[in-house]
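Please consider the following structure alongside its sequence. The account below leads through several of its local features in turn.

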Amino acid sequence: MPRPLVSLVAVAALLAACKEEAPVKPKVTPAAAPAPTATGILVDSAKLEMFGPLPKAMESKANPLTPEKISLGRMLYFDARLSKNHDVSCNSCHDLAKYGVDGKDVSDGHRKQKGSRNSPTVYDAAAQFVQFWDGRAETVEEQAKGPVTNPVEMASTPERTVATLESIPGYVEAFKKAFPDDEKPITFDNFAKAVGAFERKLVTPSKWDDFLEGKKTALSEDEKKGFLKFVEVGCPTCHLGPLVGGTMYQKVGKEKPWPNQKDKGRSAITKSPSDDMMFKTPILRNVDQTAPYFHDASAKTLEDAVKQMATYQLAKELSEDDVKSIVTWLRTLTGPIPADYVKAPTLPESSPKTPKPDPK
């Protein structure tokens with residue numbers, strides 16, 4: 001008996017269904033991971049405007065820089081024959097291999113006499129608004145005359161300085177090249193101009209300058225944090241500009257009397273009681289290399305210096321973490337010493353006419 005037709009149709013339909021491809025499931029693309037949130041410390045540009053990078057040189061219209069003048073100034077800076085006993089040079093107290101200081105509370109001068117104030121660095125110093133702690137000289141050229149004639153330091157005189165230079169043939173030629181338009185090239189003023197010209201290129205840019213010029217990776221997160229703490233605490237009240245200081249006088253002990261009242265600062269020059277304890281605000285460039293600190297060398301470490309400034313100038317007591325953070329940033333102000341520029345030169349030889357050392 002034949003199978004019902006319906007059964008054959010059903011089987012055929014089933015076979016046809018089996019031959020069809022299974023439907024393809026649509027692929028599901030995983031959701032993109034969220035972009036990482038920026039965690040870097042951002043420094044407001046307004047805070048940076050208080051400062052500014054160092055110039056390439058501290059130019060002077062009154063004393064234009066020339067290679068001949070700078071070369072002469074370098075020799076004079078290192079020459080101890082300009083001191084009365086031939087044993088003290090500019091470099092003795094402002095050692096260029098040690099960031100322009102000698103590391104002593106006060107320097108040794110003629111006959112080992114002691115000065116009354118700590119010797120500040122000469123690096124980057126030509127751009128300050130005045131020179132010396134009490135501002136008694138406006139320029140590095142004027143400043144250069146002071147130590148030579150100070151009886152406690154080099155103990156010489158303008159006349160002896162000129163006589164010494166005139167007695168050395170190598171200096172006679174060097175002054176002619178440095179001051180070709182002068183009828184009498186060797187003068188005490190030209191001595192100071194040559195030393196000043198050399199000092200005007202004692203510039204030490206650091207990674208802080210890179211940061212100021214737009215390289216945002218120049219500072220680490222901790223260094224940026226330290227800068228912001230420096231600003232937050234109020235340090236830029238006195239320490240600002242390209243040198244991070246050297247732009248004003250300020251009373252030492254503004255909020256709390258300074259412990260050492262023996263040195264009255266600028267009032268010794270002006271004779272005005274209103275200038276008691278007023279000193280030039282020191283620059284902070286290379287500050288981690290120039291201990292001890294302050295005019296009286298009362299702080300032996302940078303951490304102590306930060307604490308003292310907070311206490312006596314700002315009436316604030318900083319935590320150890322805050323002090324550490326500020327010091328971390330201050331260290332970014334140290335640049336490399338320009339080794340070739342400050343290399344000790346070969347000095348011209350004396351002659352029989354050169355004044356002899358005088359230990360008295």
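The paragraphs that follow treat a helix pair, a glutamine, the cysteines and an arginine.

This is a predicted model, in which local features need pLDDT of at least 70 and side-chain atom pairs count only at pLDDT 80 or more, while totals for chains, interfaces and linings use all residues. Residues are numbered from 1 along each chain as its sequence is written, and side-chain values use heavy atoms, with hydrogens and water left out.

The helix pair comprises α3 (residues 67-78) and α7 (residues 169-178), which pack at an angle of about 145° with their axes 8 Å apart. Helices here are DSSP runs of H or I with at least four residues, numbered from the N terminus. Axes are lines fitted to C-alpha atoms over the stretch in contact, and angles run from 0 to 180 degrees between N-to-C directions. The crossing of α3 and α7 is left-handed, that is, the near helix is turned anticlockwise from the far one by less than a right angle. From α3, residues E68, K69, L72, M75 and L76 meet Y171, A174, F175, K177 and A178 of α7, where contact means heavy atoms within 4.5 Å. By class, this contact has 7 nonpolar, no polar and 3 charged residues; Ala, Val, Leu, Ile, Met, Phe, Trp, Tyr, Cys and Pro count as nonpolar, Asp, Glu, Lys and Arg as charged, and the others, Gly among them, as polar.

Q313 belongs to helix α12 (residues 302-314). With a relative accessible area of 9%, Q313 is buried; buried means under 20% relative accessible area, exposed over 50%, and partly exposed in between (1.4 Å probe, protein chains only). The side chain of Q313 reaches the backbone oxygen of K251 at 2.8 Å. Apart from neighbours within four places in sequence, the contacts of Q313 include Q250, V252, G253, K254 and Q308.

Turning to the cysteines, the structure holds 0 disulfides, a disulfide being a pair of cysteine sulfur atoms within 2.5 Å. C90 is in no disulfide, and its nearest cysteine sulfur, that of C93, is 8.8 Å away. C238 is likewise in no disulfide, the nearest cysteine sulfur being that of C235 at 8.9 Å. C90 is buried at 15% relative accessible area, and C238 is buried at 13%.

R111 is found in the loop between α4 (90-93) and α5 (140-149). This arginine, R111, is exposed, with a relative accessible area of 59%. Leaving aside neighbours within four places in sequence, R111 is in contact with P359 and K360.

Terms used. Helices (H or I, at least four residues) and strands (E, at least two) are DSSP runs, numbered from the N terminus. A polar contact is a pair of N or O atoms within 3.5 Å; within protein, one must be able to donate a hydrogen and the other to accept it, and residues adjacent in sequence count only if both atoms are side-chain atoms.
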